[in-house]
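This report walks through one protein model with two ligands. Please look at the sequence and the structure first, then read on.

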Amino acid sequence: MIFVTGGAGFIGANFVLDWLAQSDEPVLNYDKLTYAGNLNNLASLKNDSRHVFVQGDINDNAQLCALFFEYQPRAIVHFAAESHVDRSILGPAAFVTTNVNGTFALLEAARTYWQSLEGDEKSAFRFLHVSTDEVYGTLGADDAPFSETKAYAPNSPYSATKAASDHLVRAYHHTYGMPVLTTNCSNNYGPYHFPEKLIPLMITNARAGKELPVYGDGLQVRDWLYVTDHCSAIRRVLESGKPGETYNIGGWNEQTNLSVVHTLCELLDELQAKPEGSYKDQIRHITDRPGHDRRYAIDARKIEKELGWTPQETFETGLKKTVAWYLANDSWTKQVQSGEYLQWVALQYNEEEQA
Ligand code: NAD
Ligand code: TYD
């Protein structure tokens, strides 16, 4: 079986669903169920014995060790993290606790378990660490996209803690010989995306008749990848990646935030027209994010050349699927917009209005 951390979050849940749609190999899904973790994402697996869920914190080294020795996973795929940049600006402590200390505790438990293995089981074991392109910092308009050899220059508490975790993972390979793999991926979008991030926030706000808050001039650039393409890349790296290597994953799809928001509004105008006007009328430019990275872009040639992976979705097809999913899953959105979510929105966006 494989051991997945953070499998009740956005990418983790998509990965677990995708994994079990393609293989009968069981998954042990270990997740703390923070505000971002939601078992409803996995409702379709309720009676599926291939999916075992355990609620726990990756800082709990003892529980992790016990689970590893009981279930004997052949691989660990590590998604669990605090993942929202704006939250890391307002409260960085949780990011250090989970992303740095938690990854360290997980690595230690994995090392204890891996060192107890022998022969083929030991050499075939993998620890795959899921990371972000944000560790590389920001690019100017004419800079080359991030390659795997680009120096780390993280700018937000989120990216700094992810960078720290990447370094720890790397060190466990170089020092102990643990067979680790690291992936650094660009911005994901798709079903089950928590509506605090740009794309699902814009879809849910637009439909609720609320403002669409664009930070600053909206000309910051992100590379967007449909989430199931990220899942297929992770599967490929797990199968064929070389231990100790890192692989950048991206969609070759750079967009300004404003262009993403305009496209979303156009799709919504087409699929669920307002009585009058366009959803674009709801766009409002608000105070920029402090330290906002201007541009991210991924050079995904290594994973294509060495492992034969390329994305399957275009931005057009992926965004259409995403908007259609949100239109068909109102109950999911309502359920995640709980008390904690409302408090976050009030804190983040009311403060912005006063700024
Ligand atoms: P998410 O915030 O949606 O989900 C994170 C999950 O981790 C949640 O289910 C949460 O309950 C769980 N978790 C948090 N702290 C935990 C802890 N201490 N112990 C156990 N579980 C804990 O995040 P996501 O967007 O799905 O991102 C998953 C991973 O992918 C993260 O490591 C993130 O850095 C990375 N990543 C995300 C993106 C993106 O665009 N979302 C892009 C590249 C890389
Ligand atoms: P986000 O989805 O938070 O991802 P990240 O910061 O990790 O790239 O944001 C994507 C981009 O959208 C980023 O440049 C910030 C911007 N943004 C807004 O303009 N308004 C918003 O309300 C949010 C949440 C993000």
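Asp299 sits in the loop between strand S12 (283-286) and helix H10 (301-307). Helices here are DSSP runs of H or I with at least four residues, strands are runs of E with at least two, and both are numbered from the N terminus. The model is predicted, so local features need pLDDT of at least 70, side-chain atom pairs count only at pLDDT 80 or more, and totals for chains, interfaces and linings use all residues. Residues are numbered from 1 along each chain as its sequence is written, chains are lettered from A and ligands numbered from 1 in the order in which they are written, and side-chain values use heavy atoms, with hydrogens and water left out.

Is Asp299 buried or exposed? Asp299 counts as buried because its relative accessibility is 9%. The cut-offs are under 20% relative accessible area for buried, over 50% for exposed, and partly exposed in between, with a 1.4 Å probe and protein chains only. The side chain of Asp299 makes a polar contact with the side chain of Arg301, at 2.7 Å. A polar contact is a pair of N or O atoms within 3.5 Å; within protein, one must be able to donate a hydrogen and the other to accept it, and residues adjacent in sequence count only if both atoms are side-chain atoms. Leaving aside neighbours within four places in sequence, Asp299 is in contact with Pro145, Phe146, Ser147, Glu148, Asn248 and Trp252. Contact means heavy atoms within 4.5 Å.

**Ligand 1**

Ligand 1 is surrounded by 28 residues, and the closest are Ile11, Asp31, Ser83, Tyr158 and Lys162. A residue belongs here if one of its heavy atoms lies within 4 Å of the ligand. The shell divides into twelve nonpolar, twelve polar and four charged residues. Ala, Val, Leu, Ile, Met, Phe, Trp, Tyr, Cys and Pro count as nonpolar, Asp, Glu, Lys and Arg as charged, and the others, Gly among them, as polar. Helix H1 (10-22), strand S5 (126-132), helix H6 (157-176) and strand S7 (187-189) each supply at least two shell residues. S5 gives the largest share, three residues.

Backbone atoms meet ligand 1 at several points. For Thr34, a polar backbone atom is 3.0 Å from an oxygen atom of ligand 1. For Ile58, a backbone N or O atom lies 3.0 Å from a nitrogen atom of ligand 1. Alone, ligand 1 exposes 840 Å², and the protein buries 97% of that. Accessible areas come from the Shrake-Rupley method with a 1.4 Å probe; for residues, only the protein chains shown count as cover.

**Ligand 2**

Around ligand 2 there are 18 residues, with Glu134, Pro213, Arg289, His292 and Tyr349 the closest. Eight of the shell residues are nonpolar, four polar and six charged. The largest share, three residues, comes from S8.

| Residue | Protein atom | Distance |
|---|---|---|
| Glu134 | side-chain N or O | 2.5 Å |
| Leu198 | backbone N or O | 2.9 Å |
| Arg289 | side-chain N or O | 2.5 Å |

The protein covers 97% of the 510 Å² of accessible area that ligand 2 has on its own.

**Aromatic pairs**

The structure holds 22 aromatic pairs. Phe15 and Phe79 form a tilted pair, because their ring centres are 5.3 Å apart and their planes stand at 50°. Rings of Phe, Tyr and Trp (its six-membered ring) pair if their centres lie within 6.5 Å; planes under 30 degrees apart count as stacked, over 60 as edge-to-face and the rest as tilted. Phe15 is in helix H1, Phe79 is in the loop between strand S4 (75-78) and H3, and the two are 64 residues apart. Phe15 is buried at 1% relative accessibility. Phe79 is also buried, at 10%.

Phe69 and Tyr113 are edge-to-face, because their centres are 5.6 Å apart and their planes at 90°. Phe69 lies in helix H2 (residues 61-71) and Tyr113 in helix H4 (residues 93-116), so the pair ties together parts 44 residues apart in sequence. Phe69 is partly exposed at 36% relative accessibility, whereas Tyr113 is buried at 1%.

Phe3, Tyr30, Phe68, Phe69, Tyr113 and Phe125 form one aromatic cluster. Phe3 is in strand S1 (residues 2-5) and is buried, with a relative accessible area of 0%.
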